[in-house]
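Here are a few friendly notes to read alongside the model.

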Amino acid sequence: MAETLGSLKRTHYCGVLTEGDIGARVCVMGWVQRRRDLGSLLFIDLRDRTGLVQLAFDEQSDPAVRGKGVSCRSEYVVAAVGTVRERQSKNPNLPTGSIEVYVDGLRILAEAETPPFEIVEGTRANEELRLKHRYLDLRRPDLMKNLLFRHRVAKLTRDYFDENGFIEIETPMLIRSTPEGARDYLVPSRVHRGSFYALPQSPQLYKQLCMVAGFDRYIQLARCFRDEDLRADRQPEFTQIDLEMSFADENDIMEMAEGYMKRLFAETLGVELKTPLPRYTYRECMERFGSDKPDMRYGMEIVDVSGTVKGCGFAPFEGALQSGGSVRGINAKNACEKLTRKELDKLTDYIKGCGAKGLAWVKLGADGITASFAKAVTPELLQALAAKMDGQPGDVLLIASGEDSGALLGQLGALRIEAANRLGVEKKGYNLLWVVEMPFFEYDAELGDFAAMHHPFTAPLEECLPYLDTDKAAVRARAYDLVLNGIELASGSVRITDPALQNRIFGLLGLSKEEANEKFGFLLEAFRYGPPPHCGMALGLDRLVMQLLGADSLRDVVAFPKVQNASELMTECPAAVPEKALRELGITTEGNSLT
């Protein structure tokens, strides 16, 4: 039966006891990890958020106290009073493995049923079962450590930006719905029947208004919501480290972010980052790596071989070039043995799945050169391709062609990652870099027109202003992304503060003056009263912690995550609500749909 805490007070956490505490009287509290009854000796491993400590009982122990120890089962909550002593059988793999607590008082504070899975690090229990009982899953040392690490990152973040003059300001959770690129989560209003709030996809407009208000430097660990399909590094609700700076440009905020990352890596991982971080233009990244978030820890850069194969007679290459496209490839170094014909067929299927028409390959074997298209070209061409792509014996050249060079670069970028993963290419260290000068517009095939690549408050580069009306594809943005090991950690931009330019951009994006005023009138009006020049960015806190820990999924660094269909298995939300509640909101149901 469970007992009350009474006058007992915890003196130490389990995992912090050391040899320096030998001889001390302590009171520890936690959960029973396991009990080992050896007859004359009884041991209990007691666990709390700091780790484990061994509780010891022997033949000299009070029979009543020992009896309580014998009755303990896995996940019982107990308080133990005793003296720290040296362990006879030490455990070098445990931080407290050289000491134990010799118990002379024990209280069972709560009994526990047998949990549906074992509470151990690296469990193989089904994830769905663990998410259903997430409160038990979070007791596991690996997840516990992840959440404690996340706490450290959040605290360090607040400390760093506070020391640099940033003010933490909370912005509303119930806001006006504005287009942000993803679907909003909508909240019906009971008072204003037929009207809806939206949950913020970001605090973008409010933080800009903080700049107009004169707060100069803003920070918020902001909760954001996006109704979009999930994946390993995406949740419908997430936290971002949201920043905005007045009287600053992109160099200022990028330097501020670099200082933050340098301190974060040093204090959490003991890694010294070299700053300033390298900067690459969007165009260079796409040309070399086929991605606007490249992982540069390994080679396999994309090479344009259009000039080399021009006039070669191989129909796929010739067709692409005649249509204004290109032929490009990547060199899989020392891959001859691993990339068998079967594996090459798998890579061909993969790139076809990305939209390419096919994949040509050249193997530079010890016995000579072989190629999938050898019968269609001369041996001299294969030699020329090897020379152009820095091919050495043992390498495999993977080549694709396309009428749309932009699409081809993306296809080869995806193939580069897939091939590296299949080959087990070594990826060590932390590769941080900036990607700058992104396109301002991107072509939307469904719309048949250009759309904003970023939010509509991003400023174009000054030298690109003449192209706004004549050549949208040539316009570049004053935007910047921070990339770590092929993952986008942060995105930001210099903001438009000129009302005339802002209205011009709205018009180019298909928003009439009336529509712009309806959606963003409050911001445009604020800009009539002296907006300072400002810029900002947002770092994904969940994604940042995931990368620092090397976790496989955001679910490993979020306390109560959603699964792929945006439901939470533990509380079984979303869930139906009573009809009365819907009627109060002016909503009626027809079948399973709301009208």
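1. A word on terms before we start: contact means heavy atoms within 4.5 Å. With that in hand, look at helix α7 (residues 282-289), which lies across β11 and β17 and runs at about 80° to β11. Please keep in mind that this is a predicted model.

2. Now the sheet itself. Eight strands make up an open sheet with mixed pairing, ordered β6-β9-β10-β22-β21-β20-β17-β11. The edges are taken by β6 (167-168) and β11 (279-281); each has a single partner strand, so one side of each is left without a neighbour in the sheet.

3. Another helix to look at is α5 (residues 204-212). Helix α5 lies across β9 (217-225), β10 (237-246) and β22 (534-540), and its angle to β10 is about 25°.

4. Moving along to β20 (residues 479-484), you will find D481 in this strand. Strand β17 (residues 432-436) pairs with β20 in the antiparallel sense, over five bridges. In β20, Y480 is the bridge partner of V436.

5. What D481 does have is a polar contact, side chain to side chain, with S491 at 2.8 Å. Leaving aside neighbours within four places in sequence, the residues in contact with D481 include L433, W434, V435 and M438, along with E488, A490, S491 and G492.

Key. Residues are numbered from 1 along each chain as its sequence is written. This is a predicted model: local features need pLDDT of at least 70, side-chain atom pairs count only at pLDDT 80 or more; totals for chains, interfaces and linings use all residues. Side-chain values use heavy atoms; hydrogens and water are left out. Helices (H or I, at least four residues) and strands (E, at least two) are DSSP runs, numbered from the N terminus. A polar contact is a pair of N or O atoms within 3.5 Å; within protein, one must be able to donate a hydrogen and the other to accept it, and residues adjacent in sequence count only if both atoms are side-chain atoms. Two strands pair if DSSP finds at least two bridges between them. Axes are lines fitted to C-alpha atoms, for helices over the stretch in contact, and angles run from 0 to 180 degrees between N-to-C directions.
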